[in-house]
Amino acid sequence: MAELYTTPAPFYYDKKSGLTQDEFKKAIEKSSTIYVGYLSFYTTEEQLYELFSKCGEIKRIIMGLDRNQKTPCGFCFVEYYSKEDAADCIKYINGSKLDERLIRCDWDYGFREGRQYGRGLSGGQVRDEYRTDYDPGRGGYGKQRLFEMEQYNDVDITYQQQILQTMQPQQFSGKRSRDNDDGDSFKKQRDNNNNSNTPNKNRYRERDEENDE
């Protein structure tokens, strides 16, 4: 029966563990701790207990936290009391869906204080630093992508402000403009033409007097 619980090789060797590769391998072989990745930032500890307790009795769950904000950042450690239960977790839960996300379960060499915090420059996980896609379950865009977008917006706003500063308001002297003068000249000319075309009242009066005679 022991062959059923043979520990598979881990996906990676954690260089920051402080262990040699041989020590790391031996720690994995003795461990009953599972690393869970690709979690949504909104997945709760209660949801994790409900799912992972299906494989056996859980000793504790340690939520992964943003180093600066102390909020969940998409991973956790699940410690089982027995290695057999941890092996069942790898077998049955790895690749399953939680909060509409396919989660990943790997063997872990054992939790130590401080490992619950993200290792990224901004405090979260390294994978979320350089992610270029938009993932609503993990805070939207990656941190570096957000930084680049903010920098672009700042440059664009600064450019617009510079353009507005170079635009001087039109100066008005209070004098009549040339256009208005031309308009007045046209009006005077029109009035003169109308006056020249208007019949002389005296001429009509003379004609009436001649007809009366």
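Strands β1 and β6 run antiparallel and are joined by 5 bridges. Across this pair, Tyr-35 has Asp-106 of β6 as its bridge partner. The model is predicted: local features need pLDDT of at least 70, side-chain atom pairs count only at pLDDT 80 or more, and totals for chains, interfaces and linings use all residues. Residues are numbered from 1 along each chain as its sequence is written, and side-chain values use heavy atoms, with hydrogens and water left out.

**Sheet**

An open sheet is formed by 4 strands in the order β2-β3-β1-β6, with antiparallel pairing. Two strands pair if DSSP finds at least two bridges between them. The edge strands β2 and β6 each pair on one side only. From one strand to the next, the twist averages 25°. Helix α2 packs on this sheet and touches β1, β2, β3 and β6; the direction of α2 makes about 140° with that of β2. Such angles run from 0 to 180 degrees between N-to-C directions, and the axes are lines fitted to C-alpha atoms, for helices over the stretch in contact.

**Chain**

The protein chain has 6 helices and 6 strands, which follow one another from the N terminus as α-β-α-β-β-α-β-β-β-α-α-α. These elements are DSSP runs (helices H or I, at least four residues; strands E, at least two), numbered from the N terminus. Of the contacts with a separation of 6 or more, 61% are between residues 24 or more positions apart; a contact means heavy atoms within 4.5 Å. The accessible surface is about 15,600 Å², and carbon and sulfur atoms account for 48% of it. Areas come from the Shrake-Rupley method with a 1.4 Å probe.

Of the 213 residues, 32% count as buried. Buried means under 20% relative accessible area, exposed over 50%, and partly exposed in between (1.4 Å probe, protein chains only).

| Helix | Buried residues |
|---|---|
| α2 (residues 45-52) | Leu-48, Leu-51, Phe-52 |
| α3 | Lys-83, Asp-85, Ala-86, Ala-87, Cys-89, Ile-90 |

In α2, the buried residues Leu-48, Leu-51 and Phe-52 lie on the same side of the helix, because they cover an arc of only 85° around the axis. This arc is that of the directions from the helix axis to the C-beta atoms. Glu-46 and Glu-50 are exposed on the other side of α2. The packing partners of the buried α2 residues are β1 (33-37), β2 (58-65), β3 (72-80), α3 (83-92), β4 (97-98) and β6 (104-108). For α3, the cover over the buried residues includes α1 (21-30), β1, α2, β3 and β6.
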